[in-house]
Amino acid sequence: MDLQLNWRAMWGRAYPRIIGVQREPSWILFDIFLPLLGIAAFIFFYRAMGAPEIYTGFVVLGGAMTAFWINVLWSMAAQFYWEKETGNLQLYLIAPMSRMSVLAGMAIGGMFLTGVRALSTFILGFLLFDVELEVTNPAALLAVFVVTLIALYGMGMLFSSLYLLYGRGAWHLSNILQEPIYLVSGFYFPVKAMGFWVALGASIIPITLGLDAMRQLMFDGEQIMPFLTWQVELVILMVLAVGFVLAARYALHYMEYLGKREGRLTLRWQ
Amino acid sequence: MKANLRTLKYAAWLGWQMESNWTNPWLFAIYSIIKPISATLILVIMYLIIWGSVLEQPEIFSYMFVGNTFYMYVAQVLFGVVFVIHEDREHYQTLKQVYIAPISFYFYIVGRAVPKIVITTIAAVITLAFGVLFLGLPIKLGAVNWPLLLLAMAVGLFCILMIGIALAGVSMLTAKHSMGINEGIAGMFYLFCGVTFPITFLPTWGQVIGLAIPITYWLEVVRRAVLPADLQWDSGLAAYSTGDIFLMLLATSLLFLVLSLGIFRYADRLARKKGKLDMSTTY
């Protein structure tokens with residue numbers, strides 16, 4: 001394997017997403033202020049019910065983290081569908097680098113781009129709604145956050161491979177994986193409130209455990225209702241991160257083979 | 001008029017095919033209802049975490065549930081109208097052909113949104129049935145004020161379509177922001193129109209915004225039509241009679257109609273002048 005070529009391919013694919021932060025300022029409105037509207041609505045709903053203030057923090061944290069899930073769905077999972085529609089996919093396939101380096105580039109670029117947006121949303125939400133944080137272990141919080149992202153984008157790489165053959169179904173699949181996942185992963189409330197089995201099932205999505213662990217490390221109060229301890233969740237997230245990346249590698253090879261055999265890699269407007 | 005109705009019919013058929021023929025009917029049916037029900041269940045869980053049972057605060061629960069269910073129309077229909085421009089121009093690259101065809105472009109856009117209205121209606125009915133059967137939502141079919149509900153739905157949907165037409169006009173001038181514009185406006189309505197909580201919880205400037213938008217009055221009329229009088233949470237409009245609120249709904253809808261047509265015509269002229277009708281930005 002030509003490491004230098006793949007290294008360059010990875011950064012080449014990450015580049016448009018990283019540089020996009022400064023080249024396309026409209027994201028400030030669309031990706032920071034607009035999500036705040038939804039976050040504000042949920043906060044006012046909690047406040048209208050007389051909920052303790054800690055829930056405001058839960059909503060701001062969950063609302064900021066939705067950016068990563070949306071990015072994974074639309075800019076990782078469905079990305080090869082877009083590439084197929086615009087005619088880029090065939091160029092990727094005839095280029096001499098590994099397709100995994102393209103996926104890794106998409107993930108790194110997506111993490112950076114979305115990280116800036118999510119952080120901006122969180123800071124604005126934090127300031128606007130007077131969120132009370134109790135961070136006692138910032139190193140652990142950082143570790144949980146980073147490992148969550150690696151596992152999440154590993155899952156995105158796996159999805160991307162599985163979506164490779166889809167037509168319009170890819171768009172609809174990503175569309176349907178938004179609200180139901182916000183629900184079962186506990187973006188706006190502790191996931192344990194959904195019951196043990198739902199929480200256990202939803203743990204396959206890294207953001208479920210990531211959010212639960214981050215809530216434990218950022219807030220203080222009985223309302224946190226931890227599903228597992230953050231240490232256990234961190235270990236599971238590490239396992240998920242490795243598992244998803246390996247599964248993505250296998251799935252990519254298999255789906256590419258299937259796509260070539262069935263002649264669906266260049267099929268547009270399905 | 002006959003030609004316009006024909007345009008509406010075939011645009012609706014085209015919209016339905018694009019909406020549904022990517023999969024089998026059963027999967028499509030599940031797909032169509034799971035998303036809105038999940039969105040409602042998020043709020044249900046939030047409510048249950050705080051209050052434990054629907055019976056604790058039935059007026060809060062009913063307010064939130066009914067508001068959120070009917071808000072589906074705002075989100076889905078707006079999306080249905082606005083995304084037509086983006087989809088036809090960028091994805092299928094057929095906008096220019098449709099545009100020069102001897103049909104009413106308004107009727108074409110509205111026709112394409114009709115399947116969204118039908119699908120949303122099915123999803124709303126299923127969500128309400130789920131609420132009544134499994135969560136104790138206090139709606140009794142015999143006690144619903146059907147004439148008021150049907151009248152409110154007609155005016156409300158017309159208003160939502162008009163707002164969508166205005167946004168479709170704006171999206172003729174933008175490259176990739178159709179989704180953002182749509183979600184932004186829908187998000188603004190979600191926050192300011194008393195969908196899940198009374199507008200009295202908003203700061204004063206927020207209440208002023210809410211009172212200027214017809215969706216606020218539409219949701220209030222719908223709640224009065226479907227919920228029992230003793231289970232109405234004061235939305236901030238309790239002092240007004242249903243007739244007064246309906247008049248405010250009509251007045252603000254009329255204002256939005258004029259604004260919408262003005263915005264669409266201006267954007268349409270500008271798009272033709274700047275050659276944006278057939279632009280392709282690969283988004």
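Q: What percentage of the 283 residues in chain B do buried residues make up?
A: This is a predicted model, in which local features need pLDDT of at least 70, side-chain atom pairs count only at pLDDT 80 or more, and totals for chains, interfaces and linings use all residues; side-chain values use heavy atoms, leaving out hydrogens and water. Residues are numbered from 1 along each chain as its sequence is written, while chains are lettered from A and ligands numbered from 1 in the order in which they are written. A residue is buried at under 20% relative accessible area, exposed at over 50% and partly exposed in between (1.4 Å probe, protein chains only). Of the 283 residues in chain B, the buried share is 55%.

Q: How many helices does chain B have?
A: Helices (H or I, at least four residues) and strands (E, at least two) are DSSP runs, numbered from the N terminus. Along its sequence, chain B reads α-α-α-α-α-α-α-α-α-α. With zero strands, the secondary structure of chain B comes to 10 helices.

Q: What is the radius of gyration of chain B?
A: The radius is taken over C-alpha atoms, and the globule rule is 2.2 Å times the number of residues to the power 0.38. For 283 residues that rule gives 19 Å, and the value for chain B is close to it, so chain B is as compact as a globular protein of that length. The radius of gyration of chain B is 20 Å.

Q: How far apart are the end C-alpha atoms of helix α2 of chain B?
A: The expected span of a helix is 1.5 Å times one less than its number of residues. Helix α2 (residues 25–51) has 27 residues, so it should span 39 Å. The computed distance agrees, at 38 Å.

Q: Is Thr121(A) buried or exposed?
A: Thr121(A) sits in helix α6 (residues 99–128) of chain A. Contact means heavy atoms within 4.5 Å; leaving out residues up to four places away in sequence, Thr121(A) touches Asp31(A), Ile32(A), Leu36(A), Ile39(A) and Ala64(A). Its relative accessibility is 3%, so Thr121(A) counts as buried.

Q: What is the relative accessibility of Tyr240(B)?
A: Tyr240(B) lies in the loop between α9 (214–226) and α10 (242–273) of chain B. Beyond its neighbours within four places in sequence, Tyr240(B) is in contact with Arg224(B), Ile245(B) and Met248(B). Tyr240(B) counts as partly exposed because its relative accessibility is 40%.
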